[in-house]
Amino acid sequence: MTRWLNTQARRVPEWAVWLGGALPLGLLIFDTLRQRLGVDPVAAIEHRLGRTAIYFLIASLAVTPLLRLAKVNLVPLRRALGLLAFGYVVLHITAWVVIDMGLRWEQLLRDIVKRPYLLFGAGAALILLALALTSSAAAIRRMGGSAWKRLHRLVYVAAVLTSLHWLSVGKVWHPEAKFWGFVVLVLLGVRLLPRGFGSRRGGNKSVAIQ
Amino acid sequence: AAALSGKASKLSTDATPNTFEEISNYNNYIEFGNDKTTPATNAQRLKTEGWTVAIDGLVDHPGTYSVDQIAPENALEQRIYRLRCVEAWSMVVPWIGVPLGPVLGKAGPQSAAKFVAFESAWRPDEMTATPGLYQFPYREGLRLDEAMNPLTLLATGLYDKPMPKQNGAPIRLIVPWKYGFKSIKSIVRITLTDKQPVGTWQAMQPSEYGFYANVNPAVDHPRWSQATERVIGAGLFAGRKDTLPFNGYGDEVASLYTGQDLAKDY
């Protein structure tokens, strides 16, 4: 079963992930043009883009646990998942700046420094920007593997900030934000298990996984 | 239910009202769901027949009244009011109802009465709130002079229709110069009291939701600015509108707060 899954996963070309990743955007554009976003399309567009970004971020964080616990290797697709998350973050921020804030730059910039939920969001966005800029094979060569790995471990911080951003944006902790925040915690927590956990052979027990 | 009509009022704004579709499909009604769209479906379970409102506390004539007794058809007025939500969006709604002042007047407030406390229906078997997220029943309160202000309305309909359930049927409060959460829905009890009541949101987050909750562009919500608002129904690229002090009703109500620091009494 695992071998079959891995064979299938190897056959998925990166462009297919990109195509699938464009689907939520396509649906959103379709719903917008068909005026199916309800009474407040501005909020609907902004929130759907933000949620989609979180889903892709979570998908990229699930790659390592899948490999470690289920021995399913999706590592070759992880870069595309991460870049898709970043792409939806860019669209989410654009929607906020243009259609929500109406390009009121002064209020917008004052808001960012005053509001924790915007600071959380901005922090996560900056981290994802740095990771996107260093996502190419050339960047890994230039930086060297271990420095690159250290930098890209910041994705854990970005995931926590993103969860806090969603949790603290509303009047109460939204149940959906709580659920996905919990998923993020589980995906990060799995990384603290000793290496080799769940494998029949056992393994090197002292090294925590990255 | 039959159509409603109300006499035009000089207190109405000349702004264009939102459509009935918009007003009845974009609702904050936490007893029926956490987002704006679910109350339109979930609230249909609320049984409003035979509804009564208790008026009690520091009054000479406490009692229980039907909606018709409080807002008889021949007394109804149409009040087209701006509505500003604490979440920084706004609408214009053509309410139908009666001013609250004369209703309280008939109950005979005693001289010790300084505040009015309101309570919403809480019916766990008809309502669908997420358990544990809020403390129900929903409560709100006004100072007596705010309650007696001619702008303050008990609404029983909007456009020419009885109040949609998701908008707070069968009878709700409208205080147009305050953030929308003050305008409590589906009222079952009105209590005159000498103590300042604590509202549901105020009890949960006192640093974010004050007793007064007057619309005020100069006092930010801790987590977002109140300087501007998004106008629902204005389209994707309409941008934001500057928020007015007291939601534009300063001429009618600013004098209620003479000598108060509204940054402190938020």
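How much space lies in the second largest cavity? About 30 Å³. This is a predicted model, where local features need pLDDT of at least 70, side-chain atom pairs count only at pLDDT 80 or more, and totals for chains, interfaces and linings use all residues. Residues are numbered from 1 along each chain as its sequence is written, chains are lettered from A and ligands numbered from 1 in written order, and side-chain values use heavy atoms, without hydrogens and water.

A cavity here is a set of points, on a 1 Å grid over the protein atoms alone, where a 1.4 Å probe fits but cannot get out; lining residues have an atom within 4 Å of a point. Volume is the space filled by probe spheres set on the points, which are joined across faces, edges and corners.

Back to that second largest cavity: its lining includes B:Arg82, B:Glu229 and B:Lys241, and splits into one nonpolar, three polar and four charged residues. (Ala, Val, Leu, Ile, Met, Phe, Trp, Tyr, Cys and Pro count as nonpolar, Asp, Glu, Lys and Arg as charged, the others, Gly among them, as polar.)

B:Arg82 turns up again at the largest cavity, among the residues nearest its centre, along with B:Leu83, B:Ile174, B:Pro176 and B:Ser183. That cavity has a volume of about 70 Å³ and 13 lining residues: seven nonpolar, two polar and four charged. The largest share, four residues, comes from β4(B), a strand, meaning a DSSP run of E with at least two residues, numbered from the N terminus.

Notes
On a 1 Å grid over the protein atoms alone, a cavity is a set of points where a 1.4 Å probe fits but cannot get out, and a pocket is an open set with protein on both sides within 12 Å along at least five of seven lines; lining residues have an atom within 4 Å of a point.
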